[in-house]
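Hello,

Here is the structure I said I would pass on. Please open it first and keep it in view while you read the notes under it.

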Number of protein chains: 4
Amino acid sequence: MSQVADSKGSRAETASAKRQRLMISAAQVVHQQGVERTTIADIARAADVPVGNVYYYYKTKDDLVAAALTEHARQLGLLTDRLDQLPDPRERLKGLVAAWVSQGDLAAQYGCPTGTLAAELDKRAEGGLDVAAGKVIRLLLDWVERQFRDLGQPDPDGLALTLVGAYQGMSLLTNALRDPTVMTREGDRLIAWLDSLPAR
Amino acid sequence: MSQVADSKGSRAETASAKRQRLMISAAQVVHQQGVERTTIADIARAADVPVGNVYYYYKTKDDLVAAALTEHARQLGLLTDRLDQLPDPRERLKGLVAAWVSQGDLAAQYGCPTGTLAAELDKRAEGGLDVAAGKVIRLLLDWVERQFRDLGQPDPDGLALTLVGAYQGMSLLTNALRDPTVMTREGDRLIAWLDSLPAR
Amino acid sequence: MSQVADSKGSRAETASAKRQRLMISAAQVVHQQGVERTTIADIARAADVPVGNVYYYYKTKDDLVAAALTEHARQLGLLTDRLDQLPDPRERLKGLVAAWVSQGDLAAQYGCPTGTLAAELDKRAEGGLDVAAGKVIRLLLDWVERQFRDLGQPDPDGLALTLVGAYQGMSLLTNALRDPTVMTREGDRLIAWLDSLPAR
Amino acid sequence: MSQVADSKGSRAETASAKRQRLMISAAQVVHQQGVERTTIADIARAADVPVGNVYYYYKTKDDLVAAALTEHARQLGLLTDRLDQLPDPRERLKGLVAAWVSQGDLAAQYGCPTGTLAAELDKRAEGGLDVAAGKVIRLLLDWVERQFRDLGQPDPDGLALTLVGAYQGMSLLTNALRDPTVMTREGDRLIAWLDSLPAR
DNA sequence: CATGAATGAGAGTTCATTCAT
DNA sequence: GATGAATGAACTCTCATTCAT
């Protein structure tokens, strides 16, 4: 089986490889430049794919943006999978906050990838991309809510909103103020808050 | 006296009136559509000004965006001036939250005007508009910090970040999830939090 | 009569003063920037006349360019009048060359005012300004030809072409090469040439 | 062989062919209309290329002007290469003058392509196109200087300035006066002058 | 499948000219 | 006459999308 794959892959690369490279590049470039300021050519260049070839994998620019959202969801899944290894839900949530803060460099410069994308996509009615962005955020909310529920907290739904909202807010402020310490200060506060919650 | 004013105003309007109309329209349209998806023609139409004439008042599109920021700062100033009438700083802060929630309709649809603008402008280095957006947010932060200080709270700076961050976060989530109740639920939580703070 | 003029001029300036200022400014600014890159606003600013007021004196931009040509003709007249004081036609011609070279600073930076203007206006068929530019150059040619005739030279017409052509050529080269010494070197050569011509 | 070429060329043409067509058209149209009065659409039409496609080959209008300069330099090179076949440097110079005069039709209507271009570009500081124009003129000067040196003349540099300056001057006068005979008359004079120079 | 090239619909901006007081 | 403001046509440039090989 691998022989067949190799025989194909030795010269031409698999189609899915290009698709994936485009998806990852779309996620990165759109995160840094925003949807409107990103051209197809930007993404093509970042993915090292000829411009004319992009359309083979993604019919429209919106398809590429949707792919960027999918990629963000995938990366979120990787993170939560890793955190799910931890036995204690409180530790999982603290791990999430720690991850946010540690990613600080990029997030401090360009904000939360999903959040800024959602904010930009919300400003357009057509295409339904706004809804897609909401779904990714919902994934995060659901996971967080599950942890609060496991912790035995009342109103896990509301707590999830609070925690994720705090993350979005501190990301935005870090950016707007161009002050990375906002991220760490608010991160510490969230950790302390999580610690202060009674068990069960 | 007003007759004289009217007789003048019936045909021609003061130059600053048009400037102001453009500024307000810029603030509104940019809030709803975002900077990149807003054309000069959009703003001109909203202000009922011929496209070519816009440039008499604002040399570039960026100038118009800066004007939109100024307008948001002005509206923030109106709000805080009104709240400053209240004797108790805690009531002022609760009034702020109430204002946020009550504005819900618009904010729920398009997010916090300054916050979403800041997020979009952060993605471009040139022009310094990103810094300008930060300054408007700083105005809000400073006012909030002052209230916490008047309340005798320790770390008023940090508390301001938390409150404003929560506002930005809940605005974004309200939008992304297309769920206006997020705004009210989080608003209630913030009110309760403010009430729970010890005096002095 | 002068009283009336004064009574008018004491507060408001005479209309012709503004006209003249516009004419002079047009000549200067057009010399430096070229016709196409000069806006009415540029000339108005240089003449310290409100933009809207320019059209009182000059109905179109072309009228202003025509005025610039007239101004150049006037300045040429001043020069030749001065040179006409000299008794010897050879000295008059040498004085002309000396004047060209001494004006070097400006001409080296922007070329011969009339020549560059003629070159630019030649590229458009409409308006007849090209012909007007030719007439100014013809004024110079005629004066030079008269000197050669007074000198008793055969073919004074051809000699005039040669001398004026040399001036235009050296102005252009000085500019194109950004080398002011071209002007002085060629000027010296022309002086020597004039000296070498036999009298009568 | 040509059949194969034709079968390829019948539909698609080589990319460089379009580039070249644009370059040649730019040179022609700019020569006739001047830089400022030439629009990208003018050049596109002359080259039979859709407007939007021009930018695939030349990023800006200035790039197109630069290409026009290059084209003029190329045509100058073709001319001097041809003249270089002649054994006698004096004949080469006379051939150059003859070429100038014979081109008279076009040059009489629009002036020396490089000279008028240089004059127009000199009026703008930005972009460095002015310097580029100077370089093309320098090419001509250098070639002429070489001929004078081969002729054993003292000060070949100065003689080159004189000859090329005379060419620029007579081109300009021919235009300004709308009198093609200026070209021929001055051309004859230059030929006579070259003949009068002592050998060695 | 791959790819350079093509296309055309706007977008921002400038500016000569005109208007209204 | 004087003046700030108004107007609209034109221009340069961008870019998502499609085409032809």
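This is a predicted model: local features need pLDDT of at least 70, side-chain atom pairs count only at pLDDT 80 or more; totals for chains, interfaces and linings use all residues.

The helices first. Two packed helices are described by the angle between their axes and the distance between the axes. In chain D, helix H10 covers residues 156-177 and helix H11 covers residues 181-196. Their axes lie 9 Å apart, at an angle of about 165°. Angles over 145 degrees count as roughly antiparallel, so H10(D) is roughly antiparallel to H11(D). The crossing of H10(D) past H11(D) is right-handed.

Which residues meet there? On the H10(D) side they include Leu159(D), Leu163(D), Ala166(D), Met170(D) and Leu177(D). On the H11(D) side, Val182(D), Met183(D), Leu190(D) and Trp193(D) are among them. Sorted by class, this contact has eleven nonpolar, four polar and two charged residues.

Now the interface of chain A with chain B. The size of an interface is often given as the accessible area lost when the parts come together. For chain A and chain B the buried area is about 3,400 Å², with 57% of it on carbon and sulfur atoms. The contact involves 39 residues of chain A and 39 residues of chain B. Of the area that chain A buries against chain B, 21% comes from Arg37(A), Lys123(A) and Leu161(A), more than from any other three residues.

How many salt bridges cross the interface of chain A and chain B? The rule finds nine.

Regards

Terms used: Residues are numbered from 1 along each chain as its sequence is written. Chains are lettered from A and ligands numbered from 1 in the order in which they are written. Side-chain values use heavy atoms; hydrogens and water are left out. Axes are lines fitted to C-alpha atoms, for helices over the stretch in contact, and angles run from 0 to 180 degrees between N-to-C directions. Helices (H or I, at least four residues) and strands (E, at least two) are DSSP runs, numbered from the N terminus. Angles under 35 degrees count as roughly parallel, over 145 as roughly antiparallel, 65 to 115 as roughly perpendicular and the rest as oblique. A crossing is left-handed if the near helix is turned anticlockwise from the far one by less than a right angle, and right-handed if clockwise. Contact means heavy atoms within 4.5 Å. Ala, Val, Leu, Ile, Met, Phe, Trp, Tyr, Cys and Pro count as nonpolar, Asp, Glu, Lys and Arg as charged, and the others, Gly among them, as polar. Buried area is the accessible area (1.4 Å probe) that two parts lose on being put together, summed over both. A salt bridge is a side-chain nitrogen of Lys or Arg within 4 Å of a carboxyl oxygen of Asp or Glu.
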